[in-house]
Amino acid sequence: MPLIPEEPQIHESVPGPRVTPAAGRTAPTPRPVPGPGPRPAPPRGAPAASARPGKPGPAAPPRGPVAAPPAQRTGSSQPPAGETGTAGAQLQLIPAPADGAIDAADEAVDLLLDSGRAPAEILVLTTGEAHPWAAHELSFGEASYWAQHDAADDVFYADADAERATGRPVVVVAVNGGTDEVTARALPAAMARAGTLLIVCGDPQRINAVLGANA
């Protein structure tokens, strides 16, 4: 099913106060997703939260959910524009080039955490090179890496083909490379893992072409 590009904001259909923009203010235009920059690896033994720049620490109080623009809050039971409802999860596409997909995914994770999502509810998958956090943790061995997955107390990063990665309420996929065959497998598998929301960060043309070819 073709996806409709969405502004890089995370909107979930949850009850809460409706927020309307102040008079005279216009909604911000989408910012281009920056390309990946150097990511310093955290020292071994440091909390997992420190491995993600910009992630609030566990002591930070959760904030209220991010409100969708009024145009997207129609009061109906349908998902916002750009998201397609399924039996178990909604689907949102965040446009990003392949070399910026991980940065877009990290930004999406930050927005989810700011909206009140618990870190343990989020799984991030990559179709190309491993996320820097995953690469760093795997350097200490798979046993230690998967022990963090099984502990399920923080955001977890894995390869899209990793069968051992279990589902979570929110799954974020960074289409940062890999073949069309890998992407075609990764997206349906990610949807199956997502409990309420699937966010795909990547090139919309390529993603739609891959999904269309496998429809």
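Select D180 and R206: their side chains meet in a salt bridge, 3.0 Å from N to O. A salt bridge puts a side-chain nitrogen of Lys or Arg within 4 Å of a carboxyl oxygen of Asp or Glu. D180 sits in helix α4 and R206 in helix α5 (residues 204-213), 26 residues apart. Helices (H or I, at least four residues) and strands (E, at least two) are DSSP runs, numbered from the N terminus.

This is a predicted model, where local features need pLDDT of at least 70, side-chain atom pairs count only at pLDDT 80 or more, and totals for chains, interfaces and linings use all residues. Residues are numbered from 1 along each chain as its sequence is written, and side-chain values use heavy atoms, without hydrogens and water.

Next, pick R185 and D161. Their closest N and O atoms are 3.0 Å apart in a salt bridge. R185 lies in helix α4 (residues 180-193) and D161 in the loop between β4 and β5, so the pair ties together parts 24 residues apart in sequence.

Now go to R117, in the loop between α1 (101-114) and β3 (122-126). Is R117 buried or exposed? R117 counts as buried, at 16% relative accessibility. Buried means under 20% relative accessible area, exposed over 50%, partly exposed in between (1.4 Å probe, protein chains only).

Finally, color by pLDDT, the predictor's confidence in each residue, from 0 to 100. The chain mean is 73.
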